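Student: I'd like a close look at a single part of this model, and then at what surrounds it. Where should I start?

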Amino acid sequence: MWNSFLTDSHVSVRAEITTYKGGNGDEIHAYVATPIDDAPRGGIVLIHHMPGWDEFYMEFAERLARHGYNVIAPDLYCRVGHGTSDDVTAKVRAQGGVPDDQVVADCRAAREYLNALPSANGKTAVMGTCSGGRHALLVASLVPEFTAVIDLWGGNVIMAEDQLTPQRPVPVINYTEQLTVPLLGIFGNDDKSPTPEQVNTHEAKLKELGKRYTFYRYDGAGHGFFYYQNQMYRQEQAMDAWEKVFAFLADELAN
Amino acid sequence: MCTNIASTTAVSGSGKGVNGWFPLTQATVGYDHASHCEEEHALLLDFVNYDLGTGARVAVELDLPSARSLLVSLTTAIELAEASGV
C-alpha cells in the first residue's frame, strides 16, 4: 500500500537501462528495476504506452520495484532507432505502430529474463497503460506462462474490421477464450478509448466465458488518469486505483 | 498507436530543427496523444528526414479548430500562389 514503509526498513532499489534478447533474438533496451536484496519475489513485465518508453515509465517501474517486485519495462520502439522519446514515437507512429506479434515476442522474452533472476519466485504479471494495457491483455492471452494481467485503460481492445491493420490484425477481445489468468481492469468513465460502452462489452465477454476478472470504473476520470505529468491526472481516483493495483499484485504474485 | 490515425507522404522542402535547417523528405499527419500541448489528443504534424537521424524532426501539435484554420490558410495560399503564375 502507498506510504506504508516503516521508517527503519531498508527499502532500496537498483534501476538501470540495460539490454536483453527480445523477440527474434534482437537485442533491445529495457528499464529494469529490482529491490536490492535477494528475497524471493514476483516479477512484472511493464508495457509502456503509445507516447513511448519515457520517464513516466521509468518512475512507474521504480515505484513497483519499491513495493517489492522485479520489474522490466522493454523499449518496444527500440528497433526504429534512438533519440528523445517523442521523436522515436513520431517515427513509430509514421510506421503505423509496432506489430502485435513483435510485442508478444518481446514480452515473452522479458518474462524469461525476469524468471532467470535469482530472486524470481516464478510468478510474473504483465501490465501497461493506454496501448500498453491492450498489449498486456494481448500478451497474457497468448503467453499462458504469465500469472496475472493488469489492463489500465487499454484502448482498442475492441476493433471494427476496418480498423484492423497489418500491425494489429486481430481484435484482442477475440482472444478472450485463451485468457486463463486473472485480469484487473482500471478505467475512467470519461475515457473515449475505451468508452464505458466498450468496457461493458469487454466485461460481458469475460463474464460469458467464465473468466476471472475485476473491473473498477472511476467517475470524474478519463484516459491516463495516473499521468501526473499532464492534465489528465486525477489525484483522488489515481490514488484509489493504485491501491487496487498493489492489492491485486500482492494476491497474485505472493510467494 | 492508440487511435491509429496517421498518414505519411513524401515531401520536398526544408525544416528548421534544433540544429538548424535541414532538407525534409517526409511528413506525417496524425491524430493521437499529444506530447506537449494541453489537449489530450492533438493533430500531430511531423516533418522529418530520417536519413539524418530520428531527431531530424520538426513537430507541431494543434487542437482541431486550429488545424482546420490552418487547412483553410494552406488551401488559400496554394490557390493564390498557383493563380499568381509566379
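Tutor: Start with D86(A) and R57(B). Their side chains meet in a salt bridge, 2.9 Å from N to O. The term covers a side-chain nitrogen of Lys or Arg within 4 Å of a carboxyl oxygen of Asp or Glu. Chain A and chain B have three salt bridges between them.

Helix 2 (residues 85–94) of chain A gives the most to the side of chain A that touches chain B, with eight residues.

A word on the ground rules. This is a predicted model, in which local features need pLDDT of at least 70, side-chain atom pairs count only at pLDDT 80 or more, and totals for chains, interfaces and linings use all residues; side-chain values use heavy atoms, without hydrogens or water. Residues are numbered from 1 along each chain as its sequence is written, while chains are lettered from A and ligands numbered from 1 in the order in which they are written.

Now widen the view to the whole interface. Chain A puts 25 residues into the contact and chain B puts in 20 residues. Contact means heavy atoms within 4.5 Å. The two chains bury about 2000 Å² between them, and 55% of that is on carbon and sulfur atoms. Buried area is the accessible area (1.4 Å probe) that two parts lose on being put together, summed over both. Seven residue pairs are in polar contact between chain A and chain B, with both residues at pLDDT 80 or more. A polar contact is a pair of N or O atoms within 3.5 Å; within protein, one must be able to donate a hydrogen and the other to accept it, and residues adjacent in sequence count only if both atoms are side-chain atoms.

Stay with chain B for its build. It has one helix and four strands. From the N terminus on, the order is β-β-β-β-α. Its C-alpha trace spans about 40 × 30 × 20 Å along the principal axes. Chain B has 86 residues, of which 29% count as buried. Buried means under 20% relative accessible area, exposed over 50%, and partly exposed in between (1.4 Å probe, protein chains only). Among contacts in chain B with a separation of 6 or more, 31% come from residues 24 or more positions apart.

T28(B) sits in strand 2 (residues 20–33). T28(B) counts as buried because its relative accessibility is 2%. Its side chain makes a polar contact with the side chain of T8(B) at 3.2 Å. Leaving aside residues up to four places away in sequence, T28(B) touches A94(A) from chain A, and A6(B), S7(B), T8(B), L44(B), L45(B) and D46(B) from chain B.

Next, the surface of chain B. Accessible areas come from the Shrake-Rupley method with a 1.4 Å probe; for residues, only the protein chains shown count as cover. L70(B), L74(B) and I78(B) make a nonpolar surface patch of about 250 Å². Patches are made of residues with over 30% relative accessible area and no salt bridge; like charges are joined within 9 Å, and nonpolar side chains (Val, Leu, Ile, Met, Phe, Trp, Tyr) within 5 Å. L70(B) belongs to helix 1 (residues 64–84) of chain B. L70(B) is partly exposed because its relative accessible area is 35%.

Finally, cross back to chain A. T34(A) lies in strand 2 (residues 27–35), and at 10% relative accessibility T34(A) is buried. Beyond residues up to four places away in sequence, T34(A) touches partners including S12(A), R14(A), Y69(A) and L117(A).

Several loops of chain A also deserve a look. M50(A) is in the loop between strand 3 (41–47) and helix 1 (55–66), and M50(A) is buried at 0% relative accessibility. C130(A), in the loop between strand 5 (120–129) and helix 4 (131–142), has a positive phi near 60° in a residue other than glycine. W153(A), in the loop between strand 6 (148–152) and strand 7, has a positive phi near 45°. C130(A) counts as buried at 0% relative accessibility, and W153(A) counts as buried at 0%. The peptide bond from S193(A) to P194(A) is cis, with omega near 10°. P194(A) lies in the loop between strand 7 (183–188) and helix 5 (196–208).

How values were computed: Helices (H or I, at least four residues) and strands (E, at least two) are DSSP runs, numbered from the N terminus.
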